[in-house]
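The following questions and answers are intended for a reader who is new to this structure. Please keep the sequence and the structure in view while reading.

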Amino acid sequence: MGTKGLSLVKMDVKELIEKLNEALADEWLAYYQYWVGAKIVKGAMKDSAVAELTEHAGDELRHAGMLADRILQLDGTPILDPKEWFEKSGCGYMAPLDPAVLKILDQNIKGEQCAIDAYSKLVDMTKDKDPITYQIALEILKDEIEHEDDLQTLVEDIEAAR
Ligand code: FE
Ligand code: FE
Ligand code: MG
C-alpha cells in the first residue's frame with residue numbers, strides 16, 4: 001500500500017491482517033453454507049427460503065471480496081489455501097445435514113449471530129485506529145444484521161403459516 005495510506009493505520013498491521021483473514025475464512029464458509037443450503041433445502045415455503053439463502057450467499061461472497069481487497073491494500077496476503085478456512089475461521093461451518101427448512105434457517109441464524117459478534121468486535125477494534133477498515137467492517141456488520149433479521153422474519157412467517 002502507499003506509504004501515506006499505510007501511515008493512517010494506527011494499530012498493529014500484522015494483527016489487523018490476521019483478523020481480516022479470520023473474517024475472510026468466515027465469509028467463504030458462510031457463502032458455502034448458504035449456497036449448498038439453498039440447493040438441498042426442503043419443506044414449507046421452500047421457494048422463499050431458496051431466494052433468501054441464495055441472496056445471502058451472494059452477499060457473503062461480496063464480503064469476502066471486500067476483505068481480500070483490504071488485506072491486499074495493507075500489503076497482506078489473503079488466505080490462499082481453503083484448508084486454512086477451517087483453521088482460521090472464528091464462526092466455523094455447520095453442515096446442513098438435515099435439509100428441513102427450519103433447521104437450515106436456524107443454523108444460518110446462528111451463523112449470522114456469530115458474524116454480528118465478530119464484526120462488532122472488528123468495528124470496536126478499528127474505531128479511531130483505521131478509518132478505512134472501520135468503514136468496511138461497519139458496512140458488513142450492517143448486512144449481517146439485515147441477514148439475521150431476514151431469516152428470523154422468514155422463520156416467523158413459516159411458523160405462522162403452519
Ligand atoms: Fe458476510
Ligand atoms: Fe451474513
Ligand atoms: Mg436478505
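Q: What volume does the largest pocket have?
A: The model is a predicted one. The lining of the largest pocket is made up of 13 residues, and the closest to its centre include Lys19, Glu22 and Tyr119. The volume of the largest pocket is about 220 Å³.

Q: Which element gives the largest share of the lining of the largest pocket?
A: Two elements, α2 (13-40) and α5 (101-126), each give two or more residues to this lining. By class, the lining has seven nonpolar, one polar and five charged residues. The largest share, seven residues, comes from α5.

Q: Which protein residues are the donors of the iron ion (ligand 1)?
A: The donor residues follow the sequence spacing E-x32-E-x2-H-x80-E. Their donor atoms lie 2.0 to 2.4 Å from the iron ion (ligand 1), and Glu27 supplies two OE entries in the set. The donor residues are Glu27, Glu60, His63 and Glu144.

Q: How many residues apart are glutamate 27 and histidine 63, the pair that links distant parts of the chain?
A: Both glutamate 27 and histidine 63 coordinate the iron ion (ligand 1), and both are buried. Glutamate 27 belongs to helix α2, whereas histidine 63 belongs to helix α3 (residues 46-73).

Q: Which residue bridges the iron ion (ligand 2) and the iron ion (ligand 1)?
A: The iron ion (ligand 2) is coordinated by Glu60, Glu112, Glu144 and His147, at 2.0 to 2.4 Å. Its donors are spaced E-x51-E-x31-E-x2-H along the chain. The two iron ions lie 4.0 Å apart, and the residue that bridges them is glutamate 60.

Q: In which helix do glutamate 144 and histidine 147 both lie?
A: Glutamate 144 and histidine 147 are both buried, and both coordinate the iron ion (ligand 2). They are three residues apart, about one turn of the helix. The helix that holds both is α6 (residues 131-160).

Q: Which residues coordinate the magnesium ion (ligand 3)?
A: The donor residues of the magnesium ion (ligand 3) have the sequence spacing E-x2-E-H-x93-D. Histidine 56 is in helix α3 and aspartate 150 in helix α6, so this pair ties together parts that are 94 residues apart in sequence. At 2.0 to 2.7 Å, the coordinating residues are Glu52, Glu55, His56 and Asp150.

Q: Is histidine 56 buried or exposed?
A: Histidine 56 coordinates the magnesium ion (ligand 3) through NE2. A residue counts as buried when its relative accessible area is under 20%. The relative accessible area of histidine 56 is 0%, so histidine 56 is buried.

Q: What distance does α3 reach from its first C-alpha to its last?
A: Helix α3 has 28 residues. At 1.5 Å a residue, the expected distance is 40 Å, and the value in the model is close to it. The distance that α3 reaches is 41 Å.

Q: Why is the disulfide of cysteine 91 and cysteine 114 left-handed?
A: One disulfide is found in a search of the whole structure, and the sulfur atoms of cysteine 91 and cysteine 114 are 2.1 Å apart in it. Cysteine 91 lies in the loop between α4 (83-88) and α5, and cysteine 114 in helix α5, so the pair ties together parts that are 23 residues apart in sequence. The disulfide is left-handed because the torsion about its S-S bond is about -90°.

Conventions
Residues numbered from 1 in each chain as written. Chains lettered and ligands numbered in written order. Predicted model: local features only at pLDDT ≥ 70, side-chain atom pairs only at ≥ 80, totals over all residues. Heavy atoms only, no water. Donors = N, O, S within 2.8 Å, 3.2 Å for Na, K, Ca; no water. Helix = DSSP H or I, 4+ residues; strand = E, 2+ residues; numbered from the N terminus. Buried < 20%, exposed > 50% of the residue type's maximum accessible area, 1.4 Å probe, protein only. 1 Å grid on protein atoms, 1.4 Å probe; cavity = no way out; pocket = protein on both sides within 12 Å on 5 of 7 lines; lining within 4 Å. Points joined across faces, edges and corners; volume = space filled by probe spheres on them. Nonpolar A, V, L, I, M, F, W, Y, C, P; charged D, E, K, R; others polar. Expected span 1.5 Å × (residues − 1). Disulfide = S-S within 2.5 Å.
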